[in-house]
Amino acid sequence: MNSMKTGGRLAGRALATLALGLSAVAIAAAPAPAAPAPAAAGGDNSALGCTPWREWRGEGGGSGEICDGARATGNIYDAKADGRCPFIKFYYAKGGHKSSPSVGPAGTTMRIDVSADPGKYFNGDASVEWRSC
């Protein structure tokens, strides 16, 4: 009789341990909540967040971020005394671009803040270009 009680307690503990283990596995295997889908290009831009951009060549360049597809900010730098002043082109999702002001002379850094035209959104692409200065 004494061995039956001990065996019963051990069996009960084993079942409790098994049940706890199975519930832990079930919780770990549960799918994570779905992340919100990003907004479609050219559509609602409220879920886009910020995307870093960095464009550089030996003559100059810049870096910063494009936020919500609607605003590009950062710094541009003219690194070379060559008569050309760098600027950044930010490209729209449905074609076209908008340019930052140019910076110069050599050794100059300038903060930029470029807003997309109404109804247009930047796609996150940028390039360094030059103008004569």
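Which residue takes a positive phi in the hairpin of strand 4 and strand 5? Gly-95 does, with a phi near 100 degrees, and the hairpin has four residues between the strands.

## Basis of the model

This is a predicted model, in which local features need pLDDT of at least 70 and side-chain atom pairs count only at pLDDT 80 or more, while totals for chains, interfaces and linings use all residues. Residues are numbered from 1 along each chain as its sequence is written, and side-chain values use heavy atoms, with hydrogens and water left out.

## Overall make-up

The protein has one helix and seven strands. Helices (H or I, at least four residues) and strands (E, at least two) are DSSP runs, numbered from the N terminus. Read from the N terminus on, the order of elements is α-β-β-β-β-β-β-β.

Of the 133 residues of the protein, 23% count as buried. Buried means under 20% relative accessible area, exposed means over 50%, and partly exposed lies in between (1.4 Å probe, protein chains only). The accessible surface comes to about 8400 Å², and carbon and sulfur atoms hold 58% of it. Such areas come from the Shrake-Rupley method with a 1.4 Å probe; for residues, only the protein chains shown count as cover. Among contacts with a separation of 6 or more, 56% are between residues 24 or more positions apart. A contact means heavy atoms within 4.5 Å.

## Two disulfides

A search of the whole structure finds two disulfides, a disulfide being a pair of cysteine sulfur atoms within 2.5 Å. With the bonded cysteines numbered in sequence order, the pairing is 1-2, 3-4.

The link is right-handed, with 110 degrees about the S-S bond. Cys-50 counts as partly exposed because its relative accessibility is 44%, whereas Cys-67, at 17%, counts as buried.

The other disulfide joins Cys-85 to Cys-133, with an S to S distance of 1.8 Å. This pair links distant parts of the chain, 48 residues apart: Cys-85 is in strand 4 (residues 84-92), and Cys-133 is in the segment after strand 7 (122-132). The link of Cys-85 and Cys-133 is right-handed, with 90 degrees about the S-S bond. Cys-85 is buried at 4% relative accessibility, while Cys-133 is exposed at 59%.

## Strand 4 and its partners

Strand 4 is mostly covered, with seven of its nine residues buried. Strand 4 pairs with strand 7 in the antiparallel sense over eight bridges. Two strands count as paired if DSSP finds at least two bridges between them. Tyr-92 has Phe-122 of strand 7 as its bridge partner.

Strand 4 also runs antiparallel to strand 5 (residues 97-99), and three bridges join these two strands. Here Lys-89 stands opposite Ser-99 of strand 5.

## Ser-100

Ser-100 is placed in the loop between strand 5 and strand 6 (109-115). Is Ser-100 buried or exposed? Ser-100 is buried, because its relative accessible area is 2%. Not counting residues up to four places away in sequence, Ser-100 touches Ile-76, Phe-87, Ile-88, Phe-90, Ile-112, Val-114 and Arg-131.
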